[in-house]
Amino acid sequence: MSVSIPEKSKISHFLVFFLISSMQIGIGVLGFQRIIAKTAGYDAWISVIIAGLFNHIIIWIMFKVLESTNGDLVSVHTFILGNKVGKIISSVFTIYFVLLATAVLRTYIEIIQVWMFPDLKTFWYAFAYLLATIYIIYGGFRTVTGIAFFCTVLPSYLILTFAYTVPFSNFESILPIFDHKLKDIFLATRDMSLTYLGFETLMMYYPYIKNPEKSKKWAHLAILSTTFLYTVLTIITFAYFSEGQLEKTVWATLSMWKIVQLPFVERFEYIGIANWNLIILPNICIAIWCSSRILKRTVNIKQKKGVILIALLCLVSLNFFETRDQINWLNDLTGKIGFYVNYFYIPFLLVTVLIVRKVKKK
Amino acid sequence: MKSWFFKSEVKNDMEKKEWEKFLVRSNDFKKIFYVNQKTKVRFCFSFMSTIIDENTLQTNILPYLLEKDFNELDDIKLIVPMSDVQISDDASQIEQKIFNGYILVTIETEKKRFAFIAAQKEIVRTVAPPEVEFSVIGPKESFVESIGQNLNLIRKRLPIKELIVEELTVGKLSKTRVGIMHVEGIADPENLNTIIQRIKDIEIDNIVDSSYIVQIISDNKHSPFPLLLDTERPDRVAAILAEGKIAIVVDGSPHILIAPTTLVEFFGSFEDYYLNYILSSFFRLIRLFAVAFSILITPIYVATLSYHYELIPKDLLSTLITSRREVPLPPILEALFLELTIELLREAGARLPTKVGQTIGIVGGIVIGTASVQAGLTSNVLLILVALSALASFTTPVYKMGNTIRVLRFPFLLFAELWGLLGVVFCFILLMTHLLRLTSLGRPFLEPLYPLRVHDFKDALIRLPFSKQNMRPQFLRTEQPVRFNKKKTKDKKQDIDE
Amino acid sequence: MTNRFGVGLLSLFFLTGCVQKEILDDIAIEIARGYDWKEEDKIEGTMLVYNFQPDKSIKNTTLTTTASTSRELVNYLQEQSPEPLSEGSLEVFLFGKKLANEGLIDYLDAPIRNASIGARLFLVVVDGNAKELLNGNYGNRGNAIFISNLLLHNIKYENLPKTNLQLFFRDYYEVGKTGFLPQIKKIDDNKLELNGISFFKTDKIRVIDTLETEKMFYFKLLVDKFSEGSHIVERDADKAVIRSISSRHKMKITKRDPYTVTVHIKIRGIIREYTGPGTLTKKVITKYEKALEEEVTKECEALIKRFQEQEIDPVGLGFFIQTRTRGLHLKKDWEESDMYKNLTVKVVTDVKVLESGVIE
């Protein structure tokens, strides 16, 4: 049942930290504040923390599920449903990961088109970007992890730039705390969880971790630090914008950069957007890697061919989304599927795995 | 004596020998016959007169063979005061030995056996101060073109029995001697085997210099990055051998190769170890900054001027606009024009004799620079940037890496023209991926950055004091990871005035 | 075969992948824009464009036209400009007083919708005509830089509260707060001055009241959490310039229903100049402290009264009450409610003079 991976392509346990956090921070960071503030107002930062706590539970469940078979999602499915049905169910996830990559890349290109180059051609940029992705994935999972590592470490300086908003902020905006109904706060929690998506990729690369037992700590640490980051960012945003203003701001994080002024850079948002290239890279790489890996495990297509196939699929499907409404629809769809996969399907898997194991023992 | 020479059977015997047929066609091949004065044994010397030391022959070999008791070949070992005397019956060796500077001795009585006496003439340049990796402080020796001399320089610094040299011959025509050095008990045997295997597998007719070997045995032959470190400093080689790496000495090359290596190593000058650690850490960081500056500054100029004028501070705007007012070229062509000019100057300077080269530098730098600004071909802001970035690229201590960095600028320029800052970051992604995928002897090239090894940071981007350097680099997987006992070097904790 | 295909694809990529360029010296960089009321439903727009002279000085070049909307205006002005006009470096937006009295709502959509305009842009009301002001010649670094530097230093060291595009819209969209903008006036062709602060009604963003320069010191104390400023205190025959080096205010709800808010203002200052018959003794300084305390309390309370009468809330009292009261969700137009009118505000001031210069 378990998958055997050559020792030299495995990764150290602490790198799980970067795999998870880089996957969680993607395109959502740029504009999640408006969505969560819609329902829970300026109490939404509580929802950010609650959603983070839920993620800890989900990660715990994921490790439980994975430990039971010591393999990946495909081996879990085959353990429960048998070889054939298991593989069919697994191959559905190929499409989910393609959707994830497509949504991220298309939204990023939209941001470039709105903020920098209105005439940037979606096809050519995606073409170049996916070519780079293929080049990365050809280097093996270690290279993918390396990208996750550098793309978390190098752009981390961007956090500091938000300090520039403080002189123009009023932190009293978030007062009074708990001024909204509990129901609204939980609704915002659901909206927030869409931004946190991406750590379900752990279900695919788990067999690549050298010491899975030790990696748990790092996985939780990753969730903790992204929760922290998102909370801080939410509070900074709420202090910077008034509630009515935030309602109208589509990309709050980007708009905040408009106030940043360095001695040698008058306007920071252009640098920020260009840097975001790095931040979405692991999102796309890991998603496409997972997708092609499922193909390899289920349909037995060589991963070298699978990657090209999936990149082509992404490239083609990207061009169907042109207007903001279409892109929003794509994001909503991905978010919804991701929400059900993470918060319902994975706990359901744990229950079934436990039942199946008991039945098999008898 | 003469009558023996003309005996027809001897003549026939000579023609029979296959190996001589070719050799006699060379004018410098000599075959001389002698008779021992005591025993009257007739013997014959065959050698290439141009590669043996005639002086050795006249003083250390010939007198003994003529005057001492010389009956059979085995006597040579006893009577000739030379260390390298070999006796063999393998005729296939003869050609090789003669061309390696041995004198072939045959005697009439033993037709099947031969003796070889080493009498190589070594024309060796004297050991000069290093030119490429010059340092103000520290030893002033550098390698020369002879493997023997080079091994001597290294052995002097590591006089231990564990320093082992294995020799291979590479190249069908050049028969180049390649020595592979490691310190037994420290270096990882796996690395050693990989190197030996790769060198054995080399299929090439002619190895002229160690750089041939770098290009042939690198993990990725298409990468612009050098994947083996080369150095001309014996002190560096000795230190690196002690660290657990492997050195490759190639005859005829003053550059010694070191493997495995990492990217950061290319930005550490060996002088860093001769300075206080605070200073050397500072210099290392400066060098890294210089590299980033050198690669990125012109692309950023092109990107901001072509696409992102909003980024430019108000105070700088007037300088930029007025300096570009007369320039007809778009920023990209302006930048390419200047970059290529600098490359031309560098190339011209490198090809010309030193004295003339300096003049070219002055002419190029001052005359062309000012003139092109006045003629309105370039803006003076860009001129400053390009000159600075050229300067920055020369701070890289390893020459080959400096070349790589200069070339890297051009793809960045291209992408900057295409997508502005977005393109610069995109090109950076390509570069980063390429570096991530590179390995040196199967070890990741970006170590200790990725895979992250905090322990190895002590001697990477910065250099910590020697008391902290008590462990060998982790990525080398040395057999003996501990360099020295740290406890003994620790400062005693004392109170004030005690 | 694959190679040839790859090369073809790559060259196609470089040929068609390009995006529209904005080369620095081939565009007209707009740095200031002024709007004036022309006639009913018609505005007059003026653009100030960078025009660098070879000696690096800046000549003020303006383009003017009349149109009915702000977007239309930009389109018409493009027809006047030899190079494409680019809005990315805009520093100042000026609005003529008459237009400001009518309402600015239609002209403020452009700067917040356009991604290339920065958040530090200054919005300024012109006492008079924006076109005339932009046609003057102030300083040697161009009019826009002159105006923005004038505002910047007054914000940093003098009596103008913090203001820019972001802060104005933050207040505009905030419940329980109304916006304000600085007002400048052209004196002659080479001079202009900051001459007050304009207060806006939220409905159409129209000016309803303008604060005089002398009162700006008190207003800044009420609005900015931490601020600097300077003020002249007069006492019978002598006067002193007191520079506040650090002042802060704290609000507290002391009574609910009807609400009473107490504002504690703390000023730490130094005496910069003193003219009078006596010497500046400890006793005199204490007297000055007392005088300033009384003055600030009186003036601040009067200011708030004035705001309550005008039905505006630039201090953000509504916002403050809302953040301290659970379950209170104010309406957007709370300034018009009885609650605001019935609000009592007390000001408590504490002044300390720390230094009085290098002479005794």
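Modeller: Domain bounds come from an automatic or database domain assignment. This is a predicted model, in which local features need pLDDT of at least 70, side-chain atom pairs count only at pLDDT 80 or more, and totals for chains, interfaces and linings use all residues. Residues are numbered from 1 along each chain as its sequence is written, while chains are lettered from A and ligands numbered from 1 in the order in which they are written.

Biologist: How far apart are the centres of domain 1 and domain 2 of chain C?

Modeller: Chain C is divided into domain 1, residues 21-211, and domain 2, residues 213-360. Taken over C-alpha atoms, the centres of these two domains of chain C are separated by 30 Å.

Biologist: Which strand of chain C gives the largest share of the side of domain 1 that touches domain 2?

Modeller: The contact (C-beta atoms, placed from the backbone, within 7 Å) takes 21 residues from domain 1 of chain C and 25 residues from domain 2 of chain C. At least two residues of the domain 1 side are supplied by each of strand 8 (191-201) and strand 9 (206-211) of chain C, strands being DSSP runs of E with at least two residues, numbered from the N terminus. The largest share, 5 residues, comes from chain C's strand 8.

Biologist: Where in chain C does UniProt place the domain "Spore germination protein N-terminal"?

Modeller: The span that carries this annotation is 29% helix and 27% strand, and its end C-alpha atoms lie 38 Å apart. The feature comes from an unreviewed UniProt entry, which places it in chain C at residues 21-185.

Biologist: Which helix of chain A gives the largest share of the side that touches chain B?

Modeller: In this pairing, 25 residues of chain A are in contact with 19 residues of chain B. Two or more residues of the chain A side come from each of helix 6 (122-138), helix 7 (141-153) and helix 14 (269-298) of chain A, helices being DSSP runs of H or I with at least four residues. The largest share, 7 residues, belongs to chain A's helix 14.

Biologist: Which helix of chain A gives the largest share of the side that touches chain C?

Modeller: Here 22 residues of chain A are in contact with 21 residues of chain C. The elements of chain A that give two or more residues to this side are helix 5 (83-115), helix 6 and helix 12 (243-248). The largest share, 3 residues, comes from chain A's helix 6.

Conventions:
UniProt positions renumbered as here; feature names shortened; annotations may be inferred. Contact = placed C-beta atoms within 7 Å.
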